[in-house]
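Subject: Structure handover

Hello,

Here is the structure I promised. Please look it over, then read my notes below.

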Amino acid sequence: MEDHSADAAMLDRIEGELEAVEAAMRRLDDGSYARCEVCGAELDAAALDGDPLATCCASHRT
Ligand SMILES: [Zn+2]
């Protein structure tokens, strides 16, 4: 028996990641990439190293 629900969950996750990548590319385009979307602070390289798709600075990350 194959577990199709696990496949579906994985697909959902991949689709979510793709959306995050597309959103990051849009931010690259409009110049808001690597900036906190709450306070506008520039994200430091270490934070982007840990999560290249980060959208918030350390104090606003959930
Ligand atoms: Zn912030």
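A salt bridge here is a side-chain nitrogen of Lys or Arg within 4 Å of a carboxyl oxygen of Asp or Glu. This is a predicted model: local features need pLDDT of at least 70, side-chain atom pairs count only at pLDDT 80 or more, and totals for chains, interfaces and linings use all residues. Residues are numbered from 1 along each chain as its sequence is written, and side-chain values use heavy atoms, with hydrogens and water left out.

Salt bridges

The whole structure has two salt bridges. One joins Arg35 to Glu42, with the closest N and O atoms 3.6 Å apart. Arg35 is partly exposed at 37% relative accessible area, while Glu42 is exposed at 61%. (Buried means under 20% relative accessible area, exposed over 50%, partly exposed in between, with a 1.4 Å probe and protein chains only.)

Arg13 also forms a salt bridge, with Glu17; their closest N and O atoms are 3.3 Å apart. Both residues lie in helix H1, four residues apart, about one turn of the helix. (Helices are DSSP runs of H or I, at least four residues, numbered from the N terminus.) Arg13 is partly exposed at 48%, and Glu17 is partly exposed at 42%.

Cysteines

There are zero disulfides (pairs of cysteine sulfur atoms within 2.5 Å). Cys56 is in no disulfide; its nearest cysteine sulfur, that of Cys36, is 4.5 Å away. Cys56 is buried, at 11% relative accessible area. Cys39 is partly exposed, at 44%.

Best wishes

Terms used. Helices (H or I, at least four residues) and strands (E, at least two) are DSSP runs, numbered from the N terminus.
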